[in-house]
Amino acid sequence: MTSMSEPEGGAAAPVAVADPRARPTMKNVAALAGVGIKTVSRVINGEPNVSAVTTARVRAAADSLDFHPDLHARNLRRADGRSSTLGLLVGSVGNPFSGAMHRAIEDLANTRGVAVFASSLDDDPDREEVAVSAFLRRRVDGLILTTVSKSQGYLLPELRRGTPLVFVDREPAGVEADVVVSDNAAGAAAATRHLLSSGHRRIAFLGDRTDIQTAQERRRGFLEELGRAGVATADIPVITGLHDEDAANRALIALLESEHPPTAVFSSQNLITIGAVRGLRELGLHRTIALVGFDDVPLADLLEPGITVVAQNPSEIGRLAAERIFARLDGDRSAGRTYVVPTELITRGSGEMRPK
């Protein structure tokens, strides 16, 4: 490969990257453009005092070689040592709630020139620590975390080093940091109150694993609202440990085929709601048994009847989390605090049916 133009003082030597699999370097770009490595560095970093002609020649050479700066090497030379990256740990990148939260964080990060590395927790404590360790090995500037371990005390050394942490969806244990969560108990209470107002008294609860904080809070909100309404909870069907659509589907079908089936269902997580909808439709009871789900689900408004939900606001949770992590990176040293994002009851038909 030869020089594309002749620099001042003579022609550049022909340039070739010895191994076609090797990444081109600034030295290769400099040789092709016929300039010094320091000039290439100034152009790549957007520094002043480089002529427009030379800048154009360097950029053309970089494009020709498909050269990309080594961000890791550049960060080692930065005075602040930052990598312009964040680590984001979510429940599952396949869950619409996580996806919306991720997008909001990424939107704000993009305006700061920061990349977001995302990983799925899958509610596995071992996976949590492995993912966090992988983020830290990559020298991310901050962490936004959904967690499931009993304690996040293993992050105390990072806090002492000044690594900013923000927890989303669930509150941490063993560390003090900013937290952004939904009002889970209040949302569950609103769903229960809505079903009670339609005359239901035998309302089944379909819940996630009991070691997950959000599941605990939604179960608490459900039972406390029944208690406030004077409904005895001893005989209320409460099924927990449902972590996916299939488990929820099987559990609800068994419940509806039992001797004392419920007249209404509160499903406390979006994947559980999808499983419940399928179970009701398999038995032809989707126009008979009332259903309110916690967290919205895709196409919920297009079904017949539409699915009544207590909607979270994952975009707002993500936006607040991103604001807090950048505030910390910008020097905010105030005590960590908890930000609670309200939920909203959206009525669409499934939750408004009265008991037969």
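1. A nonpolar core is here a set of buried Ala, Val, Leu, Ile, Met, Phe, Trp, Tyr and Cys residues joined through side-chain atoms within 4.5 Å. The points below apply that term to a predicted model.

2. The largest nonpolar core comprises 22 residues. Those with the most contacts inside this core are Met-101, Ile-105, Ile-144, Val-168, Val-180, Ile-317 and Phe-326. At least two core residues come from each of β1 (85–90), α5 (96–111), β4 (165–168), α12 (314–329) and β11 (338–341). Helix α12 gives the most, with 7 residues.

3. Leaving aside residues up to four places away in sequence, Ile-317 touches Phe-97, Met-101, Val-168, Val-180, Ser-182 and Val-341.

4. There is also a second, separate core, which has 21 residues. Leu-206, Leu-252, Ile-272 and Val-297 are among them. In soluble globular proteins, nonpolar side chains tend to be buried together.

5. Turning to the helix pair, the axes of α8 (residues 184–197) and α9 (residues 213–228) come within 7 Å and cross at roughly 40°. The two helices are therefore oblique to each other, and the crossing of α8 and α9 is right-handed.

6. On the α8 side, the contact is made by Asn-184, Ala-185, Ala-188, Ala-189, Thr-192, Arg-193 and Leu-196. Helix α9 contributes Thr-214, Glu-217, Arg-218, Arg-220, Gly-221, Phe-222, Glu-225, Leu-226 and Arg-228. By class, the residues of this contact of α8 with α9 are 6 nonpolar, 4 polar and 6 charged.

Notes
Residues numbered from 1 in each chain as written. Predicted model: local features only at pLDDT ≥ 70, side-chain atom pairs only at ≥ 80, totals over all residues. Heavy atoms only, no water. Buried < 20%, exposed > 50% of the residue type's maximum accessible area, 1.4 Å probe, protein only. Helix = DSSP H or I, 4+ residues; strand = E, 2+ residues; numbered from the N terminus. Contact = heavy atoms within 4.5 Å. Axes fitted to C-alpha atoms, helices over the stretch in contact; angles between N-to-C directions. Parallel < 35°, antiparallel > 145°, perpendicular 65-115°, else oblique. Left-handed = near helix turned anticlockwise from the far one by under 90°. Nonpolar A, V, L, I, M, F, W, Y, C, P; charged D, E, K, R; others polar.
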